[in-house]
Amino acid sequence: MSRQGIFGRGRSTARRAGAIAALGAVFGLAACGGGDIASPFVPIPPGVPPPEGRALPMVDVVTGGERPSSQLTSWAEGLTDDTNVSVAALSAYGYAAAQLAYHYPNCNLQWNTLAGIGFVETRHGTYGGSAIDEFGNAMPPIIGVALDGSPGFASIPDTDGGELDGDPEHDRAVGPMQFIPETWRYYGHDASGDENPDPNNIDDAALTAGFKLCDYGRDLSTEQGWTDAIMSYNASGEYVRDVRDAAAAYSVPTRAR
């Protein structure tokens, strides 16, 4: 099963630095149930943007230190069973949302929107047998297929000498939030505290996704702003619907699968 724009990323977004839009779900995850929401008892709220998820506690976004997202461990532990999302991933999404609230308060990015993207892209860093370790790293690293112009896939020649994706001929999407190297070079941020932005680290990847979504002064509390932000990640109406459904499920919270 292959649909241009979801698995192949045939489109790119114009950037003032020429960065190509983040490529996600290049593995064909939707063919395995992407966007299906398990909600036998709790109805998924309608509407765009999706409702806000459980409120975040106070978070220190200035001091830093080793893995700052660990401030949210207790909060995440209270959600992990209901959402079926790991504590490490929930903490990363929550910390990224807190950071964006500090840097771009008018963006109104919610953690469950990041979780919706993380679900659609790689099932929160668990695709293909990977798992998020204690430091927030996807192990083994999640590397997408070569974007070599094959049917259903964009053609993107190598932009990083294979440094991030291990491919010196074509770019590949990397990490839990599925960034291609050129996009990562433009937006990449460190959230894990090691001063080394890494797309395979879910803390770094979630924060980077947040900066991308909030770019251009978008207000994600509005229907247009939220839709434009998700379209900037993947210019596909179906992708927008899948992310919305997952994000809305996490606002209840209900498991997305």
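Is Trp-184 buried or exposed, and at what relative accessibility? Trp-184 counts as buried, because its relative accessibility is 6%. Buried means under 20% relative accessible area, exposed over 50%, and partly exposed in between, with a 1.4 Å probe and protein chains only.

## Model and confidence

This is a predicted model: local features need pLDDT of at least 70, side-chain atom pairs count only at pLDDT 80 or more, and totals for chains, interfaces and linings use all residues. Residues are numbered from 1 along each chain as its sequence is written, and side-chain values use heavy atoms, leaving out hydrogens and water.

The pLDDT (the predictor's confidence in each residue, from 0 to 100) averages 83 over the chain. A score of at least 70 is reached by 83% of the residues. Over residues 1-40 the pLDDT is below 50. Beyond near neighbours in sequence, this stretch still has 130 contacts in the model. A contact means heavy atoms within 4.5 Å.

## Aromatic pairs

A pair of aromatic rings is described by the distance of the centres and the angle of the planes. Rings of Phe, Tyr and Trp (its six-membered ring) pair if their centres lie within 6.5 Å; planes under 30 degrees apart count as stacked, over 60 as edge-to-face and the rest as tilted. A search of the whole structure finds five such pairs. In one of them, the planes of Trp-75 and Trp-111 stand at 90°, so the pair is edge-to-face, with the centres 5.2 Å apart. This pair links distant parts of the chain, 36 residues apart. Trp-75 sits in helix α1 (residues 73-77), Trp-111 in helix α4 (residues 111-122). Helices are DSSP runs (H or I, at least four residues), numbered from the N terminus. Both Trp-75 and Trp-111 are buried.

Phe-179 and Trp-184 are also edge-to-face, at 5.3 Å centre to centre and 65° between the planes. Phe-179 counts as buried because its relative accessibility is 1%. Ring pairs join Phe-179, Trp-184 and Tyr-233 in a cluster.

## A charge over a ring

Arg-123 lies over the face of Phe-119, 4.3 Å from the ring centre. The rule asks for NZ of Lys or CZ of Arg within 6 Å of the ring centre and within 35 degrees of the ring normal.

## Disulfide

A disulfide is a pair of cysteine sulfur atoms within 2.5 Å. The count comes to one. Cys-107 and Cys-214 form it, with sulfur atoms 2.0 Å apart. The S-S torsion is about -80°, so this disulfide is left-handed. The bond links distant parts of the chain, 107 residues apart. Cys-107 lies in the loop between α3 (87-103) and α4, Cys-214 in helix α6 (residues 202-214). Cys-107 and Cys-214 are both buried.

Conventions
Helix = DSSP H or I, 4+ residues; strand = E, 2+ residues; numbered from the N terminus.
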